[in-house]
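Trainee: I'd like to learn how to read a structure like this one. Can we go through it together?

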Amino acid sequence: MGDHLTHDRSIREHEQEVTVVPTREQPGSVDPATWRVVPGDGNDDAKEGGTWAITGGDGDENALYLEVLDAERPREVAELIVETMTGRARRSRLEGALAEVERERLRRQAEDDVLDPSNPHLVEVAKLAALVERVGEVGRELNRDRFHTGREELDEHLYERLTQVAATSVAWMESILARNAQNARNIAFPRDLGDPYDARDA
């Protein structure tokens, strides 16, 4: 218990030692994926005990500049902050993408359950055809929009098409899991003995 309180106190102290000095934007508006640890002002030799900072932004000029001051190990504190923020950003993006894929899966399954790639009885070539068709739509979006739309509109189109590709792939994966699960049940409970978990045999 004492070690846990000491750890929490150390984290709070490190947070208080970070001085936020953004050059143009607030930290929340700068993509954490661009954050990196660099020697701070006056630490040209990159000494471990010198000033260390966190910078961020896509351009040549830093959109974000955070200095870690008066910490016992400033570089480690800066690296911890960057690792925490970038990890949180990646998790958030992954969760958002997977949620979108799940919505697309449910929508397509409701539209055509029999021909959905998740059907373990559907032949593999039909599933492959569905996946190739979705991938082809991604290519068509690139060819159509490259010179006619801006980056934001192209990203929107690509995101929708890639969601469909991912949803089709997941559906195919589901069919494999369903088939493997059925095979496992058949091996464990041969038909002549009956499946004890099958209500029809009760």
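Mentor: Let's go from the overall layout to strands, cores and charged pairs. Keep in mind that this is a predicted model.

Trainee: Where do I start? How many helices and strands are in the chain?

Mentor: Start with the list of elements and their order. This chain has four helices and four strands, and along the sequence they follow the pattern α-β-β-β-β-α-α-α. Of its 202 residues, 28% count as buried. The accessible surface is about 14,100 Å², with 54% of that belonging to carbon and sulfur atoms.

Trainee: Now a strand. Which way do the side chains of strand 4 point?

Mentor: The general idea: in a regular strand, side chains alternate between the two faces of the sheet. Here, Leu 64, Leu 66 and Val 68 point one way from strand 4, while Tyr 65 and Glu 67 point the other way.

Trainee: And are the residues of strand 4 buried or exposed?

Mentor: Five of the five, residues 64-68, are buried, so strand 4 is largely enclosed by the rest of the structure. As for the pairing, strand 3 (residues 52-56) runs antiparallel to strand 4, and five bridges join them. One of the bridge pairs is Gly 56 with Leu 64.

Trainee: Which residues make up the largest nonpolar core?

Mentor: There are eleven: Val 30, Trp 35, Ile 54, Ala 63, Leu 64, Leu 66, Val 68, Ala 71, Val 77, Ala 78 and Val 82. Strand 4 and helix 2 (74-111) are the elements that give two or more residues to this core. Another core, of six residues, lies apart from it and includes Leu 131, Leu 154, Val 165 and Trp 172.

Trainee: How do I read salt bridges?

Mentor: Side chains of opposite charge can pair when their charged atoms come close. A search of the whole structure finds 14 salt bridges. In one of them, Arg 107 meets Glu 104 at 2.8 Å, N to O. These two are three residues apart in helix 2, so about one helical turn separates them. Arg 107 also meets Glu 111, at 2.7 Å. Arg 107 is partly exposed at 36%, while Glu 111 is exposed at 54%. Together with Arg 108, these residues form a network: Glu 104, Arg 107, Arg 108 and Glu 111 are linked by salt bridges.

Trainee: Which parts does the salt bridge between Glu 124 and Arg 179 tie together?

Mentor: Their side chains meet at 3.4 Å, N to O. Glu 124 lies in helix 3 and Arg 179 in helix 4 (residues 151-188), so the pair ties together parts 55 residues apart in sequence. Glu 124 is partly exposed at 33%, and Arg 179 is partly exposed at 29%.

Definitions and conventions:
Residues numbered from 1 in each chain as written. Predicted model: local features only at pLDDT ≥ 70, side-chain atom pairs only at ≥ 80, totals over all residues. Heavy atoms only, no water. Buried < 20%, exposed > 50% of the residue type's maximum accessible area, 1.4 Å probe, protein only. Pairing = 2+ DSSP bridges. Areas by Shrake-Rupley, 256 points an atom, 1.4 Å probe, with all protein chains shown as cover. Core = buried A, V, L, I, M, F, W, Y, C linked by side-chain atoms within 4.5 Å. Salt bridge = Lys/Arg side-chain N within 4 Å of Asp/Glu carboxyl O.
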